[in-house]
Amino acid sequence: MIRSVVRGFGAALPKRVVTNREMEDIVDTSDDWIVQRTGIRQRYIAGEGETTSSLGDAAARAALDNAGLTVADIDLIICATSTPDNTFPATAVKIQNMLGMSHGFAFDVQAVCTGFVYAVTTADAYIRGGLAKRVLVIGAETFSRILDWNDRTTCVLFGDGAGALILEGVESKGTTDDRGILAASLRSDGAHRDKLYVDGGPSSTGTVGKLRMEGREVFKHAVGMITDVIQAVFDSTGTTPDQLDWLVPHQANRRIIDASAKKLDIPPEKVVITVDLHGNTSAASIPLAIATAASDGRIKEGDLVMLEAMGGGFTWGAVLLRW
Ligand code: ACO
């Protein structure tokens, strides 16, 4: 059977770092409050000329370099984002053009913080269905542009950035020893859409809108939803938490990550944490965390890696892959 194997990874961050101390000058908050409640110490904020597409383009170029490939080798670009440069065309199409690619096709996936998990799963389906051989999967966001900078309950939580993976179809044995994507579980439930949303849009208000969140409500559902999909992936592959080398969670909140890992008996030393450095970068957080842990040598060829996320919608999902 064909498996989608990771060929390369890349990441890009805006130039400007904003520490918790600097957030104290913007809203009534404190470094202590932010660190204790979320684990976040700093975030990167896009400046003039930095957009979702420019960050996505930089991450894509880094991933191509890392893989030793050029755009000529790519058939499809999928960009997971909830903060596109424009309502349309898709940011993926803009990045395709920035990369100098005029063959193949490109589209966006929108599942908020679960966007990258949905995009990787979509890429895997295209590869296994024979519609593409190599897919550039990007998670890119500029959440700073949809934050209400007067709302301390949300603006301290998010940051901007991008990450990318290149997936390639490889003939494989069909066992869990194969490299590549082994299984995925995706969920959504629109009954929760009012707990985390943007209060504008082309068809409702004709404006872009700002992010609104009932933080406690999100927290209440997060751990159960995340652990359910992870367990579903373990069950469908007959693998167990003790076989896992790395859990790469969506980086929203340290407490959600720690509680989820604890519930599944995954020890803290197997969990990749970057929320302290990046804040919550929504669909970019998982590929940024992967790039961090793969470039510092933690994630190695043959490692069993679980990706998981939960976000607005609600949407949630998990992907198990062998690096
Ligand atoms: N600085 C200082 N005080 C604050 C801040 C702030 N930035 N924000 C809120 N407070 C105050 C509140 O006003 C409240 O004060 P009060 O008791 O006088 O009314 C107090 O802190 C406690 O507020 P809570 O909302 O109860 O704080 P909580 O412990 O729930 O932490 C948080 C808030 C961090 C948002 C938490 O609910 C959470 O992590 N929720 C998950 C949300 C999340 O991660 N969303 C990301 C997107 S979804 C995803 O990616 C999974």
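A salt bridge here is a side-chain nitrogen of Lys or Arg within 4 Å of a carboxyl oxygen of Asp or Glu. In this predicted model, the side chains of Asp148 and Arg212 form such a pair, at 3.0 Å from N to O. The protein is divided into domain 1, residues 2–171, and domain 2, residues 180–322. The count of salt bridges between domain 1 and domain 2 is one.

**Domain arrangement**
- Between the C-alpha centres of domain 1 and domain 2 the distance is 14 Å.
- Domain 1 gives 52 residues to the contact, and domain 2 gives 47 residues.

**Buried area**
- The size of an interface is often expressed as the accessible area lost when the parts come together.
- About 3,700 Å² is buried between domain 1 and domain 2, with 68% of it on carbon and sulfur atoms.
- On the domain 1 side, the residues that lose the most area to domain 2 are Cys113, Val117 and Ile146, which together account for 16% of what that side buries.

**The side of domain 1 that touches domain 2**
- Each of these strands supplies at least two residues to this side: E1 (2–12), E3 (42–45), E6 (134–142) and E7 (160–171).
- Helices H2 (31–38), H5 (115–128) and H6 (152–155) also supply at least two residues each.
- By residue class, this side of domain 1 has 25 nonpolar, 17 polar and ten charged residues.

Note on methods:
Residues numbered from 1 in each chain as written. Predicted model: local features only at pLDDT ≥ 70, side-chain atom pairs only at ≥ 80, totals over all residues. Heavy atoms only, no water. Domains from an automatic or database assignment. Contact = heavy atoms within 4.5 Å. Buried area = accessible area lost by both parts, 1.4 Å probe. Helix = DSSP H or I, 4+ residues; strand = E, 2+ residues; numbered from the N terminus. Nonpolar A, V, L, I, M, F, W, Y, C, P; charged D, E, K, R; others polar.
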